[in-house]
Amino acid sequence: VLHVTDWLALTASYQETALFTDNVGTDLYGAPRAPTSGSGLDLGLRFRLLDGRVNASIIGFNNTSENNRTAVGAALRTEVNAALDSGRTTPSPDQIVGADDSNDRDTRGIELELTANLNRNWTARLGFSTSQNQRASSVPQFRAKVALAEAHLRSRGLSVGDIQTALNASHDFLAEQDDDDQQPRQLRASFVSRYEFREGRLRGFAAGGSVRWAHGRVRDPGGLFITGQLVIPERQNADEFVVSPFFKYTRKVGRVRWTAQLNVDNVFNNVTNQGRIARYPRYTEPRLITLTNFFRF
């Protein structure tokens, strides 16, 4: 954090993560599959206004998820191994042994946050964020194996057309992986507020709530095709909009402090499907009413 003035600061951070787990499966060279890892860079601005009663921040981020498992089908492995063994009396030392390769995905976006404490009774927070995910790189080991197979077939005098025919499915698979597979941009916003009465007849009473909104995500991007036939078309989910108020009352009787709180989650019972795949729906939670009582002696 670099404080430029009393009201403005610059922020920057870099993060790296790794999951030290025994990953199931082997890579195409027969070695244990590399653990999933990640890295990210955040750059931002912070604002401190009205003697700290209002604070705001804007952050831009670029995170990369690395070594995500990508399966290479048996038909592709067979095709490449057959090309590598072409004309040999013994199996090629470059044969594909395992079944898993990897891909990296980038997530970029911005986050905005505004918090306000204009007086002792009232607090509020407003947040907004965007994010977009896309493929950064894909199947490096499989690309290397296909390149070795192409080089071996050229050394045997095969023409470009013959090489294309021998590795047709592999080339089609790599062409699909070359697509950046950019997902639709996600938009989210939230607002949380609370007001507490500290004097007068309503002393001890507090009320507030939260509003959460998310733009409906695209379900089954591009549609689901089976043997060239469109089975499930691309659809747009309804926007997620959840309102959750709460009410709280605190009173002291003698040496006992009693606090009662009523929470109503999703007060309008707005249940929508937010899943990204038609076969796996993910519904928002329905209305939930919770009454809690605390007694402190």
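This report walks through charged pairs, aromatic rings and surface patches in a predicted model.

## Salt bridges across the chain

Let's start with charge. Side chains of opposite charge can pair when their charged atoms come close. How many salt bridges does the structure hold? There are 8 salt bridges.

One of them joins arginine 69 to aspartate 100, with 3.2 Å between the closest N and O atoms. Arginine 69 sits in strand β4 (residues 54–71) and aspartate 100 in strand β5 (residues 100–116), so this pair ties together parts that lie 31 residues apart in sequence. Is aspartate 100 buried or exposed? Aspartate 100 has a relative accessible area of 5%, and buried means under 20%, so aspartate 100 is buried.

Another salt bridge connects aspartate 181 with arginine 105, and here the closest N and O atoms are 3.2 Å apart. This pair links distant parts of the chain: aspartate 181 is in the loop between α4 (168–178) and β7, while arginine 105 is in strand β5, 76 residues away. Arginine 105 is buried at 17% relative accessible area, whereas aspartate 181 counts as partly exposed at 28%.

Now look at Arg194, Glu196 and Arg198, which are linked in a network of salt bridges. Arginine 198 is partly exposed, with a relative accessible area of 35%. Glutamate 196 is partly exposed too, at 24%.

## Aromatic rings

Next come the rings. The model has 5 aromatic pairs. One of these is formed by tyrosine 249 and tryptophan 258 in an edge-to-face arrangement, with 6.0 Å from centre to centre and 70° between the planes.

Tyrosine 249 is partly exposed at 28% relative accessibility, and tryptophan 258 is partly exposed at 30%. Elsewhere, Tyr195, Phe197 and Phe205 form one aromatic cluster.

## Patches on the surface

Finally, turn to the surface. Which residues gather in a patch of positive charge? They are Arg203, Lys252, Arg255, Arg257 and Arg296. Arginine 203 lies in the loop between β7 (186–196) and β8 (205–214). Its relative accessibility is 58%, so arginine 203 counts as exposed.

There is also a nonpolar patch, made of Leu2, Val4, Leu10, Leu45, Ile58, Ile110, Leu112 and Phe128. Together these residues have about 590 Å² of accessible area. Leucine 10 belongs to strand β2 (residues 8–18) and is partly exposed, at 35% relative accessibility.

Notes:
Residues numbered from 1 in each chain as written. Predicted model: local features only at pLDDT ≥ 70, side-chain atom pairs only at ≥ 80, totals over all residues. Heavy atoms only, no water. Patch = residues over 30% accessible without salt bridge, like charges linked within 9 Å, V, L, I, M, F, W, Y side chains within 5 Å. Areas by Shrake-Rupley, 256 points an atom, 1.4 Å probe, with all protein chains shown as cover. Salt bridge = Lys/Arg side-chain N within 4 Å of Asp/Glu carboxyl O. Lys, Arg positive; Asp, Glu negative; His and termini not counted. Charge placed at Lys NZ, Arg CZ, Asp CG, Glu CD. Helix = DSSP H or I, 4+ residues; strand = E, 2+ residues; numbered from the N terminus. Buried < 20%, exposed > 50% of the residue type's maximum accessible area, 1.4 Å probe, protein only. Phe/Tyr/Trp six-rings, centres within 6.5 Å; stacked < 30°, edge-to-face > 60°.
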